[in-house]
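Reader: I would like a close look at one part of this protein, the charged pairs and what surrounds them. Please keep it plain, and start from a single side chain.

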Amino acid sequence: MDVEVLGHVTLKVGDERRTPSAPKARQVLALLLVNANRMVSTDVLIEELWAEQPPRSALSALQTYVFQLRQLLRKIRPDECPKQLLVTTPNGYEFRVPPENVDLQRYERHRLAGQQAFQSGENMAAVEQFRAALHIFAAPPLANVRRGMHLEAEIVRLEESRIGVQETRIEAELELGRHHEVLSELSGLASQCPQHEGFHRQLMLALYRCGRRPQALKVFNQLRQSLVTELGLEPSRELQMLQQAILSADPRLDTAERTPFLRTTADPAPLQVPWPAASPWKV
């Protein structure tokens, strides 16, 4: 049985995908799956379902949802005991499944491998690992689930992780001299994330290396206008250094060597598992 949370929450056996029809049962399943192989406390599950105002029947209702999930598991895996898949613990419940069968944990494995390769200067290997991670994480997570406070927090963390992977992958591509190849993608990302300094920095660099210095400076001015108008902030010192380097045609801009104004700040934060309101999913 495969578990999918990066997209629609589903349990997959062969070509068949099954999802609980009851919204709250699906919500319970989602929280258990993003924490696969870890106990989720009863208190957390109740808080997810009813926030700070649970009904008196909250515990019994939660037990009913768990029962419904086990009935679904019995249909999907008739040769296994549902209570060995969705395990009751002294303080809550745990969904047990091999990590390699969970798309989120496969994503995280590639993400970590890519980050390690990038930090070691192995840019080709980093690009391959990051591309594998992004191939798995190709759709908005938990797309078919009503979300409470805990699942909302998971979504924010996942979206931030994906953006970080995307930014660091592009950084590795730039260090491989692939500025022409990433230019179109960066233009889209900068447009969809108008205050994301990392994507704008990379777009400025790619444009400069493609012989388009005026456009690179225009990107800086547009970012500055957005930051000042909406947040009252100036671009970071790193961005200002890059602008000055472009103005002076600093020869360091033509190489892949990491200088202070070229070095990426992208370092996707580790998830507990093994993304801003608008996310660039269509890029």
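What is the relative accessibility of Glu16, and as what does Glu16 count on that value?

Author: Glu16 has a relative accessibility of 44% and counts as partly exposed; buried means under 20% relative accessible area, exposed over 50% and partly exposed in between, with a 1.4 Å probe and protein chains only. The model is predicted, so local features need pLDDT of at least 70 and side-chain atom pairs pLDDT 80 or more, while totals for chains, interfaces and linings use all residues. Residues are numbered from 1 along each chain as its sequence is written, and side-chain values use heavy atoms, without hydrogens or water.

Glu16 pairs with Arg18 in a salt bridge, 3.2 Å from N to O. The term stands for a side-chain nitrogen of Lys or Arg within 4 Å of a carboxyl oxygen of Asp or Glu. Side chains of opposite charge can pair when their charged atoms come close. Arg18, at a relative accessible area of 26%, is partly exposed. The structure holds 16 salt bridges.

A second pair is Arg169 with Glu185, at 2.7 Å from N to O. Arg169 belongs to helix H7 (residues 149–175) and Glu185 to helix H8 (residues 179–192), so this pair ties together parts 16 residues apart in sequence. Helices (H or I, at least four residues) and strands (E, at least two) are DSSP runs numbered from the N terminus. Both Arg169 and Glu185 are buried.

Arg252 is partly exposed at 40% relative accessible area, whereas Asp250 is buried at 14%. Elsewhere, salt bridges with shared partners link Arg131, Arg169, Glu173, Arg178 and Glu185 into one network.

Now the helices around that network. The axes of H6 (residues 123–136) and H7 come within 9 Å and cross at roughly 150°. That makes H6 roughly antiparallel to H7. Axes are lines fitted to C-alpha atoms, for helices over the stretch in contact, with angles from 0 to 180 degrees between N-to-C directions; under 35 degrees counts as roughly parallel, over 145 as roughly antiparallel, 65 to 115 as roughly perpendicular and the rest as oblique. H6 passes H7 in a left-handed crossing, meaning that the near helix is turned anticlockwise from the far one by less than a right angle (clockwise would be right-handed). Among the residues in contact are Phe130, Arg131 and Leu134 of H6 and Arg169, Ala172 and Glu173 of H7; contact means heavy atoms within 4.5 Å.

Lys24, Ala25, Val28, Leu29 and Leu32 of H1 meet Leu62, Tyr65, Gln68 and Leu69 of H3.

Over residues 1–97 the chain is 45% helix and 20% strand, with the end C-alpha atoms 8 Å apart.
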